[in-house]
Amino acid sequence: SSGINAEWPLRPGNTETLAVVGGTLANGGRNIFTHDQVFTADTVRNMCSLMLMCGMYNYSGRWAFEVGLPAKSGVSGAILVVIPKLGALAMWAPLLDTYGNSVKGTKFTRIVQERSDTITHMFRNLNAERIQKRKKYRLRLCVDTTA
């Protein structure tokens, strides 16, 4: 199978491997130890997009709204959370909720996020007041009238 579940080692005993994979994704595809470029920018974008959209099974939509970080859980109780440009959280706690996600893992992620100024929802910085104060972020409408 070419599905994300079959390709990722989401089983007990591999949280270190998960952390390296997550850190590599957060680092734009560059391995955090070897500094080798192991994923292309397109692959990182695609993987993180998939993780945000469906990585937490039927809980993914709510996770995207409330937590706003790419994550992948496994029925073993493992969860990988990517914090773009910062790092990753990799954990394993086998008690699962009704969606098949780790109860302690999802709770831990929320607690860390609540107590951190840097591990925030991906779209937190899209604050309208903050953007209006920055002149360089003004949008311009470009229309191609030659077509």
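**View 1. Strand β2 of the predicted model is covered on both of its faces.** A78, L80 and V82 are buried on one side of β2, and I79, V81 and I83 are buried on the other. Buried is defined as under 20% relative accessible area, exposed as over 50%, and partly exposed as in between, with a 1.4 Å probe and protein chains only. Because six of the six residues of β2 are buried, this strand is largely enclosed by the rest of the structure. In a regular strand the side chains alternate between the two faces of the sheet. Strands (E, at least two residues) and helices (H or I, at least four) are DSSP runs, numbered from the N terminus. The model is predicted: local features need pLDDT of at least 70, and side-chain atom pairs count only at pLDDT 80 or more, whereas totals for chains, interfaces and linings use all residues. Residues are numbered from 1 along each chain as its sequence is written, and side-chain values use heavy atoms, with hydrogens and water left out.

**View 2. The open sheet has the strand order β1-β2-β3.** Its three strands pair in the antiparallel sense, where pairing requires that DSSP finds at least two bridges between two strands. β1 (71-73) and β3 (87-92) stand at the edges with a single partner strand each, so one side of each is left without a neighbour in the sheet. On average, and with direction ignored, neighbouring strands are turned by 10 degrees against each other. Axes are lines fitted to C-alpha atoms, for helices over the stretch in contact, and angles run from 0 to 180 degrees between N-to-C directions. Helix α2 (residues 15-26) lies across β2 and β3, at about 155 degrees to β3.

View 3. The hairpin of β1 and β2 has four residues between the strands, and G77 takes a positive phi near 105 degrees in it. In the hairpin of β2 and β3, with three residues between the strands, K85 takes a positive phi near 65 degrees.

**View 4. P70 is a buried residue in the loop between α4 (60-66) and β1.** P70 counts as buried because its relative accessibility is 1%. Not counting residues up to four places away in sequence, P70 touches C48, M51, L52, L80, V81, V82, P84 and M122, a contact being heavy atoms within 4.5 Å. P70 and M56, 14 residues apart in sequence, have a C-alpha to C-alpha distance of 9.1 Å.

**View 5. The largest nonpolar core contains 13 residues.** A nonpolar core is a set of buried Ala, Val, Leu, Ile, Met, Phe, Trp, Tyr and Cys residues joined through side-chain atoms within 4.5 Å. M56, W63, L69, V81 and L89 have the most contacts inside this core. β2 and β3 each supply at least two of its residues, and β2 gives the most, with three. L89 touches I79, L80, V81, I83, T109 and V112, residues up to four places away in sequence not being counted. Apart from this core lies another, of ten residues, among them L18, A26, V44 and C48.
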